[in-house]
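Hi everyone, thanks for coming. Please have the sequence and the 3D view ready, and let's walk through this one together.

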Amino acid sequence: MRRSRFLINTLKETPKEAVVVSHILMLRTCMIKQLASGIYTYMPLALRSLRKIENIIREELDAAGCQELLMPMVQPAELWSESGRWQAYGKELLRFEDRKDNGYCLGPTHEEVITDIARREIRSYRELPVNLYQIQSKFRDEIRPRFGLMRGREFIMKDAYSFDTDEQSCDESYWQMYEAYKRIFTRCGLTFRPVEADSGNIGGSYTHEFHVLAGSGEDEILSCSHCDYAANVERAELKTFEPAAMPDSVPTPEEVSTPAQKTIEAVAGFLGVKPEQCVKTLVYRAGDRIAAAALMGHRELNETTLRNEMGAAEIELVTDAATFQANGLAPGFMGPLDWPKDIPIYVDDEVMAQSSVVTAANKVDTHVKNVVPVAHFNPTKVLTLRAARAGDGCPRCGEGVYESYRGIEVGQVFKLGIKYSESMKAFYLDAEGNERPMVMGCYGIGVSRTMAAAIEQNHDKDGIIWPVQIAPFHVALLNLDIKDEEVVAACEAIESGLALHGVEVLVDDTANRPGPKFKDADLIGMPVQVKVGARSLKQGQVELKVRKTGERRSVALAEAVDEILADLKNLGWNSAPGQV
């Protein structure tokens with residue numbers, strides 16, 4: 001491909017609307033163009049990379065026995081009402097009506113549609129298991145689209161759905177897809193980690209997320225230093241605490257004046273204690289219900305645990321004075337001691353393990369010392385509410401501690417069970433002729449997000465460093481003297497020789513000076529650069545540069561193709577059938 005005929009206009013300056021590296025570099029390299037907030041056009045350079053990721057996905061899923069189909073993006077409201085998600089999903093579901101006033105939505109996911117297909121097409125246990133997948137655009141009306149393709153409203157996704165006769169067969173499908181995902185991200189040339197996670201709005205009993213490790217990742221991952229256990233921080237398990245023994249003599253709580261001391265740090269400093277000795281209480285809202293969570297002052301709340309306990313799709317921290325006033329609460333001075341009986345309060349097990357704590361008195365400007373949780377608190381329920389963090393002990397092996405990483409979620413596998421098949425009556429007949437709900441699994445990969453994550457993980461100050469497996473082109477061939485016939489002939493010979501081996505080449509035949517060509521080549525980030533100029537060619541030489549390592553060397557023109565192929569293979573490229 002000739003650069004002069006390829007639609008790519010690079011930018012020197014960082015676009016002001018871009019913050020994260022992938023967004024900056026995708027805009028600067030003309031990979032994406034914003035059409036509206038969170039909605040982008042994939043330009044030719046980006047599309048080449050996307051297609052390679054899609055091809056890897058197709059090859060691995062087809063090899064795993066999956067079948068590809070393509071479902072409509074527009075979905076009828078009645079299907080979502082059957083599953084119970086029409087109202088529960090939230091405002092991210094873009095709802096609209098057609099000219100006949102029928103309700104529809106733009107699909108953020110396709111559980112309802114695929115379940116409808118299964119109940120229409122599958123009748124007997126002899127037709128199971130089945131695993132169907134598609135690669136298609138999705139739409140989620142994010143409240144704050146940001147970071148380019150990392151959190152857009154419209155995005156490309158691979159979603160697959162398995163249907164099985166029972167839990168055991170579903171487990172087999174689940175782990176088969178888990179292994180396929182590992183192969184997919186390995187073939188994409190990414191450093192990643194599968195971690196246990198929360199299933200969120202999709203539902204289901206068991207799930208793993210696949211994270212590309214990158215310092216800019218939105219998600220925190222905790223991994224044991226001793227065993228293989230890893231989990232999203234929301235899901236990471238913690239060692240539980242046993243309640244403290246009831247003392248023979250229970251001290252009387254002592255109220256102390258703490259004027260204007262509303263934060264844990266302020267209270268601890270004022271009373272001369274550590275935050276680890278104080279209890280903090282937070283109030284959350286789920287619809288028209290509120291509930292409180294109490295944990296030690298140095299800990300952060302795992303909102304996912306509280307949300308699940310409240311049986312809510314979403315919760316939010318209460319901050320408005322009206323809610324506090326209506327419920328007789330004193331913001332900044334709330335504590336489990338003498339808590340209102342009509343408001344549920346969940347207490348972390350670490351709190352109940354303490355022999356003595358400081359807590360707010362539910363009175364303005366007042367805290368209480370000498371509080372014994374097992375004697376003085378009356379929680380609605382005691383559970384592990386605190387979020388895990390680096391340094392906490394691993395409960396799986398009991399020997400290691402958690403280490404923290406940042407990750408970008410690019411895929412997730414769910415064990416859905418019968419959540420959708422039962423509500424939507426997707427039944428099959430077993431060997432005895434009895435109707436049973438199909439047991440489902442769900443498996444997603446953010447294709448466009450994977451491309452962005454690859455850039456977040458692979459870049460330097462000069463631009464992108466593409467993994468060879470998903471690079472738009474394998475080689476950037478720079479013609480430094482476009483009017484020199486010998487240089488042009490040499491470039492054509494190298495391009496032709498590489499094409500025989502399936503190597504994709506972008507030839508920079510523009511009239512730009514060498515300096516800008518070098519900068520563009522680094523910015524766009526093809527794995528290998530080849531520089532052909534009149535001066536070096538007189539010596540029978542061309543220069544090669546490996547983008548990842550920065551290694552440069554001069555090689556004989558006659559050996560250039562072999563040397564380039566060797567560099568590509570060292571980077572993980574394989575020209576064999578079925579490989580990228």
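**Charges, rings and domains**

Let's start with Arg193, which lies over the face of Tyr405, 4.9 Å from the ring centre. A charge counts as sitting over a ring if NZ of Lys or CZ of Arg is within 6 Å of the ring centre and within 35 degrees of the ring normal. You can find another case at Trp86, where the charged end of Arg95 sits over the ring, 5.1 Å from its centre.

Before going on, a word on where the numbers come from. This is a predicted model, in which local features need pLDDT of at least 70 and side-chain atom pairs count only at pLDDT 80 or more, while totals for chains, interfaces and linings use all residues. Residues are numbered from 1 along each chain as its sequence is written, and side-chain values use heavy atoms, with hydrogens and water left out.

Now, rings with rings. How many aromatic pairs does a search of the whole structure find? The search finds 12. Rings of Phe, Tyr and Trp (its six-membered ring) pair if their centres lie within 6.5 Å; planes under 30 degrees apart count as stacked, over 60 as edge-to-face and the rest as tilted.

Take Phe6 and Phe473: their ring centres are 5.5 Å apart and their planes are at 75 degrees, so this pair is edge-to-face. The pair links distant parts of the chain, 467 residues apart: Phe6 is in the segment before helix 1 (21-28), and Phe473 is in the loop between strand 26 (463-464) and strand 27 (475-479). When I say helix or strand, I mean DSSP runs numbered from the N terminus: helices are H or I with at least four residues, strands are E with at least two.

For a tilted pair, look at Phe185 and Phe210, with ring centres 5.9 Å apart and planes at 35 degrees. Phe185 lies in helix 6 (residues 167-187) and Phe210 in strand 10 (residues 206-213), so the pair ties together parts that are 25 residues apart in sequence. Both Phe185 and Phe210 are buried. They also belong to a cluster linked by ring pairs, along with Tyr174, Trp175, Tyr178, Tyr181 and Phe192.

Next, salt bridges. Side chains of opposite charge can pair when their charged atoms come close. The rule asks for a side-chain nitrogen of Lys or Arg within 4 Å of a carboxyl oxygen of Asp or Glu, and by this rule the count comes to 48.

Arg51 and Glu54 make one of them, at 3.0 Å from N to O. These two are three residues apart in helix 2 (residues 44-63), which means they are separated by about one helical turn. Arg51 is partly exposed at 41% relative accessibility, whereas Glu54 is buried at 5%.

Arg553 and Asp567 form another, with the closest N and O atoms 3.0 Å apart. Arg553 lies in strand 31 (residues 552-556) and Asp567 in helix 17 (residues 560-570), so the pair ties together parts that are 14 residues apart in sequence. Both Arg553 and Asp567 are buried.

There is also a network of salt bridges, linking Arg299, Asp348, Asp349, Glu350, Arg386 and Asp392.

Let's zoom out to the domains. The assignment, which is automatic or from a database, gives domain 1 (17-190 + 197-210 + 411-456), domain 2 (254-383) and domain 3 (473-570). The centres of domain 1 and domain 3, taken over C-alpha atoms, are separated by 40 Å.

Where do these two meet? Six residues of domain 1 are in contact (heavy atoms within 4.5 Å) with six residues of domain 3. The area buried between them is about 550 Å², with carbon and sulfur atoms giving 65% of it. Buried area is the accessible area (1.4 Å probe) that two parts lose on being put together, summed over both. On the domain 1 side, Leu45, Arg48 and Lys52 supply 65% of the area buried against domain 3, more than any other three residues.

The rule finds two salt bridges across this interface. Look for Arg48 again: Arg48 forms a salt bridge with Glu504, the closest N and O atoms being 3.3 Å apart.

Notes. Buried means under 20% relative accessible area, exposed over 50%, partly exposed in between (1.4 Å probe, protein chains only).
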